[in-house]
Amino acid sequence: MDVVKACIGLGIGILLSGCAATYESAEKSYQKGEINEARKDWESLAKEGDVRSMYRLYTSARRTSGSDIEWLQKAADSNLAEAQYDYGMWLHGKEKYQASKDYLEKASENSSQKAKSFLSNNEKTFPLWLKVEKGDENAPAKLGQYYWEKKEYLSAVKWYERCTEVDIYCSFNLGLAHANGYGVTQDYKKAIEWYLLSSEKGNLDSARNLAWLYEDGKGTEVNKSEAFKWMKIAAKKGWKYASISLGRFYLYGIGTESDTDKAIALLNPYSGKDLSATYHLGRMYYLGLGVEKDYKKSYQLFSSKVLAEHAASIYYLAEHHYRGYGLEKELSKAFELYTKAAEKGDASATFRLGWMYANGEGVQKNDRKAFYWYTQASEKGSAPAQNNLAVMYDSGTATEKNKYTAFKWFKKSAEQGSATAQHNLAGMYEDGSGTRKDFQKAVYWYAKAAQQNHQGAQSGLNNILYRVTKKYINVSESSLYAKQDFDSQVIKRVGRGDTVYIISNSRGWSQVYFPENNSLGYVHNSHLR
């Protein structure tokens, strides 16, 4: 009589207390949620040498204990392929790479496809892992590079963090990872920390990238001087991209005084070969930046093959044709090139297309197409396009008249410094068109336009000043400040009896308009009567 039949005949009480457990009965208990009972049975069976129970103690553990790992190892040593794979992977996680490899190879020999795949996929990395285990200090950097090239950035970052004291490119790549969000959350402050660590140890790539972050104010305040300092260090060996960037710094006076000779010396070697160098040389001759304007030279540079698909360069080529710079004026050719640049996203070219359609230059006049291109350019941030689009909404040209939308675009353009838009916005505030009447704001924007010598802004001011509150300076000496702070920049000195016009009040300060030079600034209320 077998055991199961004998137990059936003994009654329920004896069955529960006296029958021997099997692997299958423990599995049934586990599936019913009787986890502790199942594990007790598997442990009893494991002690009797049941290999499957040894392995099941590991796989059923909620939190793997040292005892569970011991049973996993025993199952692996008993030649169970699944256990050999899992134990091999556990060893791998503990960086016991040689033992891991041994168990995975045993699992592979026992037909474990997972083991075979892992060994095959890591054929190049296992030798490096083994070197790490043996204490080779160069191996982490090589592993970081391997994963970086495969774009497995999370693993790359893990290894790069372990080699920063040995290899300066480990901290450089960590800076790059944090700057771009490769395998980590994008964090420019941490990028700066890693670049600084690497730069201070002589890594010129880190110095260059650090300069770019200081220039753009990413992870720090904009600091052109610091940007120049690091870019100069980065370029000291004549490396291409750092040299080109340093040439750009000298050309535009970024963090240093403008020095065209140094700019040309740094940019010229890459003329016609590098996009950035060629483009900035073209602008130098087009705008006359430190040199005589030379439109033939600028046209030649912007026509370089390296700039053939560069939107801003195509725009400048169009400008040559549109204005007849260095060649005969040809509006149809200009239109063709503006179109190409606009399709590549250049905002200035997009604006110019709107202008040409609006005025019938080089193409048949078409207000609807003008409206379309002005809209596209406005959304790209073009101030002149925003002003012109506002004019179309204000007048209802090629669209329904909409004073509120007109006001919105005038304001965007004005805030970017367009004198025409500032004058138009002032008029909207004065008339209450598209917004509520606000004579103080009208004064402010008329003054901003007048500061740029906009024709009509001064008369606009003269006609509206009587509508705002007038006050006088009541101390012998005071100042118009850039901010509501005595330590901020002084805009203008004023004295007792000088007349100012109140634009707004806040926190004990008044924003005022002062007629001399159409000055705008803040005066403390205690200095006014």
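## How confident is the model?

Let's start with the confidence scores. Across the protein the average pLDDT is 95, and 96% of the residues score at least 70. Which stretch has a pLDDT under 50? Residues 1-18 do, and the model has four contacts beyond four places in sequence for them. Where pLDDT is low, the predicted coordinates should not be read in detail.

## Two pairs of packed helices

Two packed helices are described by the angle between their axes and the distance between the axes.

Now look at helix H25 (residues 383-395) and helix H27 (residues 419-431), which pack at an angle of about 35° with axes 10 Å apart. H25 and H27 also make a left-handed crossing. Here Asn387, Val391 and Asp394 from H25 meet Thr420, Ala421, Asn424 and Met428 from H27. The contact of H25 with H27 is made up of three nonpolar, three polar and one charged residues.

## Salt bridges

Side chains of opposite charge can pair when their charged atoms come close. How many salt bridges does the model have? The count comes to 20. One of them joins arginine 39 to aspartate 68, with 2.8 Å between the closest N and O atoms. Arginine 39 belongs to helix H4 (residues 35-47) and aspartate 68 to helix H6 (residues 66-77), so this pair ties together parts that are 29 residues apart in sequence. Are arginine 39 and aspartate 68 buried or exposed? Arginine 39 is buried, and aspartate 68 is buried too.

Another salt bridge pairs lysine 411 with glutamate 415, whose closest N and O atoms are 2.6 Å apart. Both sit in helix H26 (residues 403-415), and because they are four residues apart there, about one helical turn separates them. Lysine 411 is partly exposed, with a relative accessible area of 28%. A further salt bridge brings together the side chains of glutamate 516 and lysine 492, at 2.9 Å from N to O. This pair links distant parts of the chain, 24 residues apart: glutamate 516 is in the loop between strand S5 (509-514) and strand S6 (519-524), while lysine 492 is in strand S3 (residues 490-495). Glutamate 516 counts as partly exposed at 42% relative accessibility, whereas lysine 492 is buried, with a relative accessible area of 16%.

Lysine 40 is found in H4 and counts as exposed, at 59% relative accessibility. Alanine 46 is also found in H4, but it counts as buried, at 3% relative accessibility. Leaving out residues up to four places away in sequence, alanine 46 touches Ser53, Met54, Leu57 and Trp71.

For alanine 46 and leucine 130, which are 84 residues apart in sequence, the C-alpha to C-alpha distance is 33 Å.

Histidine 92 can be found in helix H7 (residues 81-93). At 15% relative accessibility it counts as buried, because buried means under 20%. Which residues is histidine 92 in contact with, leaving aside its neighbours within four places in sequence? They are Tyr97, Ser100, Phe118, Phe126 and Trp129.

## Two loop residues with positive phi

Most residues other than glycine have a negative phi. Lysine 151 is not a glycine, yet its phi is positive, about 65°. You will find lysine 151 in the loop between helix H11 (139-149) and helix H12 (153-160). It is exposed, with a relative accessible area of 62%.

Asparagine 453 is not a glycine either, and it has a positive phi of about 60°. Its place is the loop between helix H28 (439-451) and helix H29 (457-464). Asparagine 453 counts as exposed, at 72% relative accessibility.

How values were computed. Residues numbered from 1 in each chain as written. Predicted model: local features only at pLDDT ≥ 70, side-chain atom pairs only at ≥ 80, totals over all residues. Heavy atoms only, no water. pLDDT = per-residue confidence, 0-100. Contact = heavy atoms within 4.5 Å. Salt bridge = Lys/Arg side-chain N within 4 Å of Asp/Glu carboxyl O. Buried < 20%, exposed > 50% of the residue type's maximum accessible area, 1.4 Å probe, protein only. Axes fitted to C-alpha atoms, helices over the stretch in contact; angles between N-to-C directions. Left-handed = near helix turned anticlockwise from the far one by under 90°. Nonpolar A, V, L, I, M, F, W, Y, C, P; charged D, E, K, R; others polar.
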